[in-house]
Amino acid sequence: MNPQLVPFLEAWASKWARLKPGATPADRREHFEIIALEMRLPAPEDVDAERVHVIDTKAGPVRVRVFRHNSPGPQPALIYMHGGAWMQGSPETHFDITSRIASWNRQTVISIDYAKAPERPFPAAVVQCEAVARWAFNNAGALAIDPARMAIGGDSAGGNLAAAVTLLMRETGPKLLAQLLIYPACDFDMSRPSYSQNANGPIVRTAEMPMVNAMYCPDPKLLNDPRVSPLHASSHAGLPPAFLAIAQFDPLRDSGTAYGEALQRAGVPVEIDTGEGLIHGYLRALEYCSDSVTKLQKMAAWLDQQNKRVA
């Protein structure tokens, strides 16, 4: 493991140790917000992150925060879904990631505060994220974004949601430009080697996953639904180009790798970054680990290349 991650993990563990025993998902949610705020880096000066919208959907209203570079004119856009095991997290907990993509690429990022499990399990989050993507296309003029340069992305649980929404929008449009999937959960096959090889994490632990997965999708018969497990789609043909960022020391490593390979077999252009020496959630360590910064810059650069294909 990259040694620069050690002090990050020590700080992370010490902050989570303050969580009271027997904490509920709601307690964890609140605690995560506190930790993320304590660890947040200074915001890029060229990004406005103050605009918030509430969008009506079939799964109830959903809040989004817009990160917009201060350059004028229609900008490319990234619709982003944060990680947090479908149970916690928000646009604010992932502020460092989205604000930097907006700054480095001189673009807009729309970050979604989707419905959380277990109070609101599948399919609420998927329904809301798809609705936000369609809202962004339908309101491109008001948002000053270019609908021809609209990508989707997310990390961990958010990567799962991004892949699911991409599948849904392939069927009915409008067309997404690209998909950025960061250490995503693409299915729930825990027999893959990475689950045993990285059973103790760090950050995520294999033994805790069945409980978390059941909170998101209580009906095990739905685990093969492509909206839950994008890897189980009958076809991955016709999907937009993808960047798959995985991590060597991550239980989800093999799930993400399998999804990248499925896309490649279907003829989808895919770039896979294997994340050697890195862990699940490594983008949380931007202050500590230079490789975390380099990897996020690589993702942003790939996304910028996709934007320039149609500029």
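Reader: Is Arg192 buried or exposed?
Author: Arg192 is buried, with a relative accessible area of 18%. Buried means under 20% relative accessible area, exposed means over 50%, and partly exposed lies in between (1.4 Å probe, protein chains only).

Reader: What kind of model is this, and how are residues numbered?
Author: This is a predicted model, in which local features need pLDDT of at least 70 and side-chain atom pairs count only at pLDDT 80 or more, while totals for chains, interfaces and linings use all residues. Residues are numbered from 1 along each chain as its sequence is written, and side-chain values use heavy atoms, with hydrogens and water left out.

Reader: Which side chain meets Arg192 in a salt bridge?
Author: That of Asp187, at 2.6 Å from N to O. A salt bridge is a side-chain nitrogen of Lys or Arg within 4 Å of a carboxyl oxygen of Asp or Glu. Asp187 is buried, with a relative accessible area of 2%.

Reader: How many salt bridges are there in the whole structure?
Author: A search finds 20. One of them joins the side chains of Arg29 and Glu119 (2.9 Å, N to O).

Reader: Why does the pair of Arg29 and Glu119 tie parts together?
Author: Arg29 lies in helix α2 (residues 25-39) and Glu119 in the loop between β4 (108-113) and α4 (124-138), so the pair ties together parts that are 90 residues apart in sequence. Helices (H or I, at least four residues) and strands (E, at least two) are DSSP runs, numbered from the N terminus. Arg29 counts as buried at 18% relative accessibility, whereas Glu119, at 48%, counts as partly exposed.

Reader: Which residues are linked in a network of salt bridges?
Author: Arg63, Arg65, Glu92, Asp113 and Lys116 are linked in that way. Within this group, the side chains of Glu92 and Arg63 meet at 2.8 Å, N to O.

Reader: Changing topic, in what order do the strands form the sheet?
Author: Eight strands form an open sheet in the order β1-β2-β4-β3-β5-β6-β7-β8, with mixed pairing. Two strands pair if DSSP finds at least two bridges between them. The edge strands, β1 (47-55) and β8 (270-273), each pair on one side only.

Reader: How many bridges join β3 to β5?
Author: Six bridges join β3 to strand β5 (residues 145-155), and the two run parallel. The bridge partner of Met81 in β5 is Gly154.

Reader: What does helix α9 touch on the sheet?
Author: Helix α9 (residues 253-265) packs on the sheet and touches β6, β7 (242-245) and β8, where contact means heavy atoms within 4.5 Å.

Methods:
Axes are lines fitted to C-alpha atoms, for helices over the stretch in contact, and angles run from 0 to 180 degrees between N-to-C directions.
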